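Subject: Structure handover

Hi,

Here is the structure I promised to pass on. Have a look at it first, then read on for what I found.

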Amino acid sequence: MNDISFQQILYFRAAMRSTSFSAAAKLAYTTQSTISKEISALERVVGEPLFFRSKQGSFPTERAVALDIELTDIYDTVEHPLNDSAALSKDELRIGFCQSIDFLSAIPDFFDTLKEFEEKLNLKLVCRENSEILKAVLDGSLDMGFILSDTNPVNPNIKLHIAALSAPRVYFSCNCPLAQLDTPIPMDAFSRYPLITTKYLIEQDGYRMINLLPFTPAWIKIVDSYNDVLLHLATGRYITLLRPYVNLASNKNITGCDLPESYALKQGVSMIWRKDSKNPNLRALLSRLRLL
């Protein structure tokens, strides 16, 4: 169970409550390909199929039904759809996470603190894109959010705290000849291979990330999500520049190396909340984190 990610739990729950992966994608506010990839990854963890796939839809196996029961307690604190802000109860605290973050690795101290509130509060955890987390915090449907620091919420109503900050690494496939070189790998060696980056970074930052690279890639492949980055890296000779807490290191098909200290661009995870929030539970949590 420890190998099952938060995101896989969300998508598995959506798939169990839908008749197809496309319907599950609508329920989980994501794409059908993302649902399919995450369910396949979950099946590898479990060691057997969880759904029968057909043109008529997706149907759970006996193991899926058993897993659904096993995850019941987790479902109580994991709720994917954002509730209407008017439904907030006095004992509820809703926290959103950008789905691109391997947040258990990025902010473990926060989850250690959150455990102190588990028995006292009705915790609701949701997973969204950066922009959706920011919007939900602003409209009050989330009390707190964690977003990638590339998104700079310049808004007078938002309070921001950097929760994690580090220099990114270059990751590459073990199929790439770079994997045969001794470390540290010279940066000019990376210029011979294609670079993968996400559409998000291109849309949000222009080519800022790429322009600041200490090497010029042979060519650039733009993909929709980090799932695609993982797929291409694991099967090809690509390289990519990603945050250390986007979880690639655990994949046996992927290796990486640190960028030189001269690469000055730091990246991180930002914690955000409304300055005028009236939720006493949020204030208690912030106080425990020494942010008040």
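Five strands make up an open sheet, in the order 4-3-5-12-6 and with mixed pairing. Strand 4 (122–128) and strand 6 are the edge strands, and each has a single partner strand, so one side of each has no neighbour in the sheet. From one strand to the next, the twist averages 20°. For the terms so far: strands (E, at least two residues) and helices (H or I, at least four) are DSSP runs numbered from the N terminus, and two strands pair if DSSP finds at least two bridges between them. Angles run from 0 to 180 degrees between N-to-C directions, with axes taken as lines fitted to C-alpha atoms, for helices over the stretch in contact.

Before going further, a word on the source: this is a predicted model, where local features need pLDDT of at least 70, side-chain atom pairs count only at pLDDT 80 or more, and totals for chains, interfaces and linings use all residues. Residues are numbered from 1 along each chain as its sequence is written, and side-chain values use heavy atoms, with hydrogens and water left out.

Back to the sheet. Strand 3 (residues 92–98) and strand 5 (residues 144–148) run parallel and are joined by three bridges, with Gly 96 opposite Gly 145 in strand 5. Helix 8 (residues 130–139) packs on this sheet and touches strand 3, strand 4, strand 5, strand 6 and strand 12, its direction making about 155° with that of strand 5. Contact here means heavy atoms within 4.5 Å.

Which way does it run relative to strand 5? The two are antiparallel, joined by four bridges, and Leu 148 stands opposite Val 269 in strand 12. Strand 6 is also antiparallel to strand 12, with eight bridges between them; there, Lys 159 faces Trp 273.

Strand 12 is mostly covered, with eight of its eight residues buried. Buried means under 20% relative accessible area, exposed means over 50%, and partly exposed is in between (1.4 Å probe, protein chains only). Gln 267, Val 269, Met 271 and Trp 273 point one way from the strand, while Gly 268, Ser 270, Ile 272 and Arg 274 point the other way. Take Ser 270: it counts as buried because its relative accessibility is 1%. Leaving aside neighbours within four places in sequence, Ser 270 touches Gly 145, Phe 146, Ile 147, Ser 149, Leu 160, His 161, Ile 162 and Ala 163.

Strand 6 (residues 158–166) also holds Leu 165, which is exposed, with a relative accessible area of 56%. Together with Leu 160 and Ile 162, Leu 165 makes a nonpolar surface patch of about 260 Å². Patches are built from residues with over 30% relative accessible area and no salt bridge, joining like charges within 9 Å and nonpolar side chains (Val, Leu, Ile, Met, Phe, Trp, Tyr) within 5 Å. A salt bridge is a side-chain nitrogen of Lys or Arg within 4 Å of a carboxyl oxygen of Asp or Glu. The areas come from the Shrake-Rupley method with a 1.4 Å probe, and for residues only the protein chains shown count as cover.

There is another open sheet of five strands, in the order 9-8-10-7-11, again with mixed pairing. Its edges are strand 9 (220–223) and strand 11 (254–258), each with a single partner strand, so one side of each is left without a neighbour in the sheet. Neighbouring strands here are turned by 30° against each other on average, direction ignored. Strand 8 (residues 195–198) pairs with strand 10 (residues 239–242) in the parallel sense over two bridges, and Leu 195 stands opposite Ile 239.

Now for the two ends. Helix 1 (residues 6–16) is mostly covered, with 10 of its 11 residues buried; among them are Phe 6, Ile 9, Leu 10 and Met 16. Arg 290 lies in the segment after helix 12 (280–288) and counts as exposed, at 76% relative accessibility. Most residues other than glycine have a negative phi. Arg 290 has a positive phi of about 60° although it is not a glycine.

Cheers
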